[in-house]
Amino acid sequence: MTVKNKGAAKPRPTRHGVLLFEDRESNVAEFAHALGPYLGADLELVVFPLNEAPAGTGPYEDQLLDALEKPQYSNVVLVVTDRDLSTQAWGGLSEAAVTRAASQRGLPVACYRQAVLNVEDRLRRVPGDGQIELPEDLESRAAQVAVLARGFVLLEKLVREHQSQNRRRQRSEQSAESTPGQLLASILRQPITASHFDSYACADQGAVEEILNLSEDATVTKKVQRRLIVALGVWLADVVMQYPGLLVDEVAAASYLDIHPRDFEKPHIRTLFDAARFRDAPFANEARPMWWKHLLDDLLDEAGAGTGRDLCGKQGIKRVRFCPCSVDDSIPAGYYCMATAKPLSGENSSGRVNWFPPGAELARLTKSTHRKLAPWIGS
Amino acid sequence: VAFDVEVRLLQELGERLVASPDVALLELVKNASDADAVRCDLAKASKFGRTTLQISDDGAGMSEADFRERWMRIAASSKTQRFTPHYKRPVTGQKGIGRFAIRFLGGAVKLESVAVDPKTGEKRKLEAFFDWRRLDKKLHLRDAKVPYRVSAVPADWHTGTRLTIYRLKSDLEESVDKSLLTRVLEIVSPIRALRAGRFSRLQSNAEHSQRGIDPGFEVTFSGFSSLPEETTDLAESVVKNAWARLTISLEGGRLAYDVRFQGENVSHKIRRHFSNTITSGLYADIVYAPKRKDSFKGVGVDRREVWSWIRRNSGIGVVDNGFRIRPYGFTDDDWLYLNQDAAHNRRDWRSSIAEKEFPISPVEQARPGLNPALNVPTTYQVIGIVNVSSRVGDDANSRDLTPAMDREGFLINQAYLEMVDVVRGGVEFLARVDKTRQLEIAEAQALALRHELRDDLAVTVDAIKEDPRLAKQEKAALVEHYSHLAQRVVEQEEYDRSARQRLEIASSLGVVAGFMTHEAERIFLGLDRVLVQIGAVDNPKLQAAVSEIKAAREQLDAYIRYTRLFIDSLRSDRTDSFSALGQIEWIRDQFGHLGASRGVETVIDCDEDVLVPAMPVALYSAVLLNLYTNALKAVIARTSGSRKNQVLIRAWNDSKSHHLSVQDTGVGVSAAIRERIWDPFFTTTSRVNSPLGTGMGLGLTLVRDLISRIGGRVDLDEPEAGFSTCFHASMPRRSS
């Protein structure tokens, strides 16, 4: 593990950096300790010296921008910031200023808060606003930071490869992608999902627009290239992977396949769906696996099974329980509750939630939660 | 190369410059006024079976030189003289093109004018004939010759000009009627009972004129079958006896507002400096005639006639150089935004002067009953005239009041906007003092009633003391009873006064709520850390305390969440319909534990599909929260009895209304306080006698206020069997 502070007059770093903005010394130490096991040989944590007063005068955003140009930050691939940066020598610095400065430098930003986010706040959050929301729990947060940092590095590599392929293709007069969905689907090597990706665009029009405009330009500069990677990454990590529809996590997959979540944890069952795993892709995390929903469908179709439970039966696996709805355990689920992260049935849920992207077919809320909160949070 | 002009220009000027026959006719009437005429006669005659129109005046007439150099020259600079030669009237014609409006009326015109020849001092008559059809045949304007002749006339002939219009436009033959003449009169003779201040002809001209006082200018009609009725007496009655009268004077930078109410000698005044570009300033006389009880009572005229006259003449007009200007103050015009703001219940002042001189306080802003902006009159409640004197100079950059070419209004320039600001400011001043006065009157009436009550009580006590038929003990009991009543009245007065003050102070607490929610999050954060550390200590007593703290923290967090959502929702303008059950469940989830932990059951009776009509969700939630927590407190306060401990919340819709009722099995509301429970700061709980603590006693006041604001009502209703209290709110399903 490497933890750097200031890093003045040191040689250019060789590892990818995670730059932390945190105003409390104790929190820095805690986070560094938690992140340590995940850093490996390719990542390092760099802490921005908020205890040193800024050198110049003027808006914090400009001063941060100048600071981020320094060589010791040249390896940074992800900025992580606390949402409350009110103390120390940079008194009054806000995470918004950090985000704007990072955005100008073409760096993705992930934010965390000390307090647990309430359901209504979580639901009201606009995904894809340029800030990736990190878990409140320290351990999960540290793991997620490492996944994100590596994800952006991998995404950059994939984008470069894709662009070089495109250039070859253009020479052979094949057309390149014309929508953001086509671009991302192509980069992730799942071209069939292009239109499904596009149906997630509404949650993050800004980023999508950016991607559209930039990807049309074949001769992009390094800075623009960075912005393209950030926009694509935020879209994937903070929108597509958060709302089940295109990709599904363990609970959503179990609910969709109608396999009890406990049974779906069993290796001999899970292995049946291995071909649909979201793997070797940016932000893919072995500790929190995800599956491509369309590939799960393909597996069921090939086996002539209506549900994952049927497929288990056809494969000779008996006594697989159905996935019960968290509101009424006598009926099967099929959907996923965004408020409780539990399986949910169509009967006990509401799909008329206008802040979910249309592509998030499995994202639901319980009827009761929806009718209570909808008028307050504008659904 | 010089510009060349085709004859077509005359057609353009004549037929497209003005939009209506009355405006065209008025241009000719104004010319008569500019010729120092005292009388202008409009006559309808018939020649060869065709209708003709004659406009004759007794003015100075036109000499040959005048005709050649002024009448026949388009946009003559001689027209830019400021005042007429004899009576020193402000000149109304300003661009020297108004006379071409004749063409709008008919195909040919004969001009006859008798004037004194300035060279010889003898009288001469000039006759010219304009046949537009013939003139139009020429291409260039310079080739369009108008034949004329000049002849000597006897010295006893009166000077003056007569225009006879032939070949009236076909649609005009029919329309030269009462309505046209009424429109002309409205312009020429603004309501005479209204004062024109220094713009009055008689006053202003007397100061300048060499020939003495201007006898005035009137328009008469002859040959018309029906003439507009003379309503001078009624106009004077209305103006003299209206509710209030506002005068506005702007002279140089000095602005003065005066408002005087009917029957009062003292006027309300504002004097201030107002930088402006209106060279001649303005003077406005505006009467305010709202339909209120006792308005125009005892005036000696039929009140129905009064209201009918007001309806016909309402609006604030603008008189420029003695003539009213369209469209200001006429039907459908709202140049001061009076109707628009009334329709939208505007709660702010519009004029810069009002903002500075008598701003609306936050308390007034929040309470419609106190907000003076909601008291700004509509066009139909005011009759008034704003007198100005515009002048078109040669300065192209002039920012002064400038009439538009089509004679319909002024150019919207700085001076015009200042005029709107000044006049609107005056109307807003009127609204402000009227509102203050209304509130004072209401308060004085209430006070008088209470004094009357106290006096009555004192008289009653004396009468009882003197009554020989009553036994001594009876007297003592009755005297004590009435003395107690008198004491209650005094207490009530004191209570009213202090309650009002406390209400205003209490409203400022809203700011603190915002800070509290933010700080609470920080406390929770610290608390959670400490709880984790204490939780690690193996001590059963500590663990029990931790569990208790955790439960209280969770509950407090729920309140904070509710408060945050509540505050956030106030920023939203959304007023959609929403599920009643959802909100009832939400409130029960957040606050129901207060009762549940003390054995109070909350029962909900509401179908899933009952929708609350469109309103801010915070409003509905606030009503529900107050009624529900009151009910919980009432049940908990009951010390004995065999009844179950229950609160029943019911919501349903019928064809007209949404209904919400909250019933409880608590202590009930005694008859003695049934009316007082709605008063601000009235509370039956205190920190000592209520285990849930006490509120500020504002709950039911707010509930009633909020419900009435959406056109609904809330009452103490008859409870169902087994319950002791029932509050029932009904809200209209369609906005009224």
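Visitor: What does Phe197(A) touch, beyond residues up to four places away in sequence?

Guide: In this predicted model, Phe197(A) touches Gly181(A), Leu184(A), Ala185(A), Leu188(A), Trp235(A), Leu236(A), Val240(A), Leu246(A) and Trp292(A).

Visitor: What makes Phe197(A) stand out in the largest nonpolar core?

Guide: That core has 136 residues, and Phe197(A), Phe273(A) and Tyr620(B) touch the most other members. Helix 20 of chain B, residues 617-637, gives the most to this core, with 13 residues. Another core, of 45 residues, lies apart from it and includes Ala244(B), Ile248(B), Leu338(B) and Val376(B). In soluble globular proteins, nonpolar side chains tend to be buried together.

Visitor: Why is Asp280(A) called exposed?

Guide: The relative accessibility of Asp280(A) is 69%, and exposed means over 50%. Asp280(A) therefore counts as exposed. Its place is the loop between helix 12 (267-270) and strand 8 (290-292) of chain A. Phi of Asp280(A) is near 50°, a positive value in a residue other than glycine.

Visitor: Why is Asp36(B) called buried?

Guide: Asp36(B) has a relative accessible area of 6%, and buried means under 20%. Asp36(B) is therefore buried. The loop between helix 2 (21-34) and strand 1 (39-47) of chain B holds Asp36(B). Although not a glycine, Asp36(B) has a positive phi of about 65°.

Visitor: Which elements cover the buried residues of helix 3 of chain A?

Guide: The cover includes strand 2 (16-21), helix 2 (60-68), strand 4 (76-82), strand 5 (109-112) and strand 6 (131-133) of chain A. Among the buried residues of helix 3 (residues 95-105) of chain A are Glu95(A), Val98(A), Ala102(A) and Arg105(A). Just after helix 3 of chain A, Gly106(A) takes a positive phi of about 75°.

Methods:
Residues numbered from 1 in each chain as written. Chains lettered and ligands numbered in written order. Predicted model: local features only at pLDDT ≥ 70, side-chain atom pairs only at ≥ 80, totals over all residues. Heavy atoms only, no water. Core = buried A, V, L, I, M, F, W, Y, C linked by side-chain atoms within 4.5 Å. Buried < 20%, exposed > 50% of the residue type's maximum accessible area, 1.4 Å probe, protein only. Helix = DSSP H or I, 4+ residues; strand = E, 2+ residues; numbered from the N terminus. Contact = heavy atoms within 4.5 Å.
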